[in-house]
Amino acid sequence: MTDQAKPLVGVIMGSSSDWDVMQNAVAILKQFGVPFEAQVISAHRMPDEMYAYAKSARARGLRAIIAGAGGAAHLPGMVAAMTIVPVLGVPVPSKYLRGEDSLLSIVQMPKGVPVSTFAIGEAGAANAALTAVAMIAATDDALADQLEAFRVTQTDAAKAMTLPL
Ligand code: RP5
């Protein structure tokens with residue numbers, strides 16, 4: 001899956017089974033009109049492709065890589081090891097440990113090679129994309145205005161909330 005324009009954000013995931021969660025990142029990028037690409041790249045099943053992806057990311061113009069994986073989730077860390085493009089890691093819920101394994105695998109990077117790690121599941125995927133949007137918005141005033149408006153919409157929705165008293 002590739003947006004028409006030259007992608008600024010790469011969304012990768014270890015398996016198509018991660019899509020239910022990772023589509024929340026793609027939805028945000030689409031909402032903000034940020035050019036992206038999305039594909040399955042598995043660290044342990046496709047190590048050569050992972051290497052090529054990470055090594056070419058900066059030259060291809062990617063400004064951020066959102067990497068989601070579950071279980072022994074080494075995809076974000078391995079990609080981060082091979083590129084200086086910021087990697088935003090999304091822990092995907094796993095079958096037996098509900099994503100706590102994914103979270104700890106991604107978040108506990110040794111000093112020197114960072115992976116920005118987000119919440120387990122849908123919120124993490126969406127917030128990773130919002131962070132990518134904010135990073136790009138630092139040099140794109142129109143996108144920054146969109147992001148400000150997004151926050152105002154959320155504030156208005158919260159203010160309008162009522163309770164069934
Ligand atoms: C990881 O293993 C993937 O990121 C996925 O979360 C998990 C299970 O993969 P499948 O067995 O569903 O392909 O590599």
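Counted up, that gives six helices and five strands. Keep in mind as you explore that this is a predicted model.

**Overall form**

- Along its principal axes, the C-alpha trace spans about 50 × 40 × 30 Å.
- UniProt, in an unreviewed entry, places the feature "domain: PurE" at residues 7-158.
- If you take the contacts between residues at least 6 apart in sequence, 69% of them join residues at least 24 apart.

- Of the chain's 165 residues, 41% count as buried.
- In soluble globular proteins, nonpolar side chains tend to be buried together.
- The largest nonpolar core here has 48 residues, and the members that touch the most others are V9, A25, I65, I66, V90 and A129.
- Helix 5 (residues 122-137) supplies the largest share of this core, with eight residues.
- What does I66 touch, not counting residues up to four places away in sequence? Its partners are V9, V11, A25, L88, V90, A128, A129 and A132.

**Around the ligand**

- The residues around the ligand are M13, G14, S15, S17, D18, S42, A69, G70, G71 and V92.
- Sorted by type, this shell divides into three nonpolar, six polar and one charged.

**The listed binding site**

- For "binding site", UniProt lists S15, D18 and R45, again in an unreviewed entry.
- You can find S15 in the loop between strand 1 (9-13) and helix 1 (19-32).
- Leaving aside neighbours within four places in sequence, S15 is in contact with V40 and S42.
- R45 has its place in another stretch, the loop between strand 2 (36-40) and helix 2 (47-57).
- Why does S15 count as partly exposed? S15 has 17 C-beta neighbours inside 10 Å, and a residue is buried with 20 or more and exposed with 12 or fewer, so the values in between are partly exposed.
- R45 is exposed, because 11 other C-beta atoms lie within 10 Å.

Note on methods. Residues numbered from 1 in each chain as written. Predicted model: local features only at pLDDT ≥ 70, side-chain atom pairs only at ≥ 80, totals over all residues. UniProt positions renumbered as here; feature names shortened; annotations may be inferred. Near = placed C-beta within 6 Å. Nonpolar A, V, L, I, M, F, W, Y, C, P; charged D, E, K, R; others polar. Helix = DSSP H or I, 4+ residues; strand = E, 2+ residues; numbered from the N terminus. Contact = placed C-beta atoms within 7 Å. Core = buried A, V, L, I, M, F, W, Y, C linked by C-beta atoms within 7 Å.
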